[in-house]
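Me: I would like to learn how to read a model like this one. Please take me through it feature by feature.

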Amino acid sequence: MLTVPYKEIRPQEARKLHEQNTLFVDVREPEEFAQMRIAGAQPIPLSELAGRFGEIPKGQPVVLYCRSAQAAAWLAAKGYSNLLNLDGGIMAWYQAGLAYEGFAVSKLVGGIQGYPLERPAAVKPEEVPCS
């Protein structure tokens, strides 16, 4: 039986952890993080994780999102436990109607980058910078 080194959590469970000041780590690249992010999330791009993983404390819960399965596997190999993966990433957070910071990609807001994101009725996951 294959086991994963993290627990999947839904946006509402993640929101409760966020309210308790649990560390959230966004592993997307800086330009993606700048567009849209969970308030207070620490940006540690997957491309920089090997050099910056020491910024993530061991022994306490850490919520990872966006490309986080890869990050969680790597961190688990370095001895991290209590890793939580936001199922669906920033897209799921957004679709749950939870607060975020930043702006989304231009095609979500009618073609003008820099305007606050509106919540359209249906958004395709590939249209939000989290893959």
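Reply: Start with burial. Buried means under 20% relative accessible area, exposed means over 50%, and partly exposed lies in between, with a 1.4 Å probe and protein chains only. K7, with a relative accessible area of 44%, is therefore partly exposed. Buried residues make up 42% of the 131 residues in the protein.

Me: What should I know about the model and its numbering?

Reply: This is a predicted model; local features need pLDDT of at least 70, side-chain atom pairs count only at pLDDT 80 or more, and totals for chains, interfaces and linings use all residues. Residues are numbered from 1 along each chain as its sequence is written, and side-chain values use heavy atoms, with hydrogens and water left out.

Me: How many helices and strands are there in the protein?

Reply: First the rule. Helices (H or I, at least four residues) and strands (E, at least two) are DSSP runs, numbered from the N terminus. The protein has five helices and seven strands. Along the sequence they follow the pattern β-α-β-α-β-β-α-β-α-β-α-β.

Me: Which order do the strands take in the open sheet?

Reply: Pairing comes first: two strands pair if DSSP finds at least two bridges between them. The open sheet has five strands in the order β1-β6-β5-β2-β4, with parallel pairing. β1 (7-9) and β4 (42-43) are the edge strands, and each pairs on one side only. β1 and β6 run parallel and are joined by three bridges. One detail to find: E8 has N85 in β6 as its bridge partner.

Me: Which helix packs on the sheet, touching β1?

Reply: Contact means heavy atoms within 4.5 Å. Axes are lines fitted to C-alpha atoms, for helices over the stretch in contact, and angles run from 0 to 180 degrees between N-to-C directions. Here α1 packs on the sheet and touches β1, β2 (23-26), β5 and β6. The direction of α1 makes about 95° with that of β1.

Me: Now the helices. Which residues of α4 are buried?

Reply: The general idea: an α-helix has 3.6 residues a turn, so residues three or four places apart point the same way. In α4 (residues 68-77), the buried residues are S68, A71, A72 and L75. They sit on the same side of α4 because they cover an arc of only 100° around the axis. That arc is taken from the directions from the helix axis to the C-beta atoms. Q70 and A77 are exposed, on the face turned away from the buried side.

Me: What do the buried residues of α4 pack against?

Reply: They pack against α3 (49-52), β5 (62-65) and β6 (83-86). Take S68, buried at a relative accessible area of 5%. Not counting residues up to four places away in sequence, S68 touches V27 and N85. After α4 comes G79, with a positive phi near 100°.

Me: How many residues does the largest nonpolar core have?

Reply: In soluble globular proteins, nonpolar side chains tend to be buried together. A nonpolar core is a set of buried Ala, Val, Leu, Ile, Met, Phe, Trp, Tyr and Cys residues joined through side-chain atoms within 4.5 Å. The largest has 19 residues, and F24, I38, V63, Y65, L86, I90 and W93 have the most contacts inside it. α1 (11-19), β5, β6 and α5 (89-95) each supply at least two residues of this core. The largest share, four residues, comes from α5. Apart from this core lies another, of 14 residues, among them Y6, L23, I56 and L75.

Me: Which residues is I38 in contact with?

Reply: Leave aside its neighbours within four places in sequence. I38 is then in contact with H18, F24, Y65, L86, I90 and W93.

Me: Last, the charges. How many salt bridges does the count come to?

Reply: A salt bridge is a side-chain nitrogen of Lys or Arg within 4 Å of a carboxyl oxygen of Asp or Glu. The count is eight. R67 and E32 form one of them, with the closest N and O atoms 2.7 Å apart. R67 lies in the loop between β5 and α4 and E32 in helix α2 (residues 30-35), so the pair ties together parts 35 residues apart in sequence. R67 is partly exposed at 25%, whereas E32 is buried at 15%.

Me: Which residues are linked in a network of salt bridges?

Reply: E48, R52 and E55 are. Within it, the E48 and R52 side chains meet at 2.9 Å, N to O.
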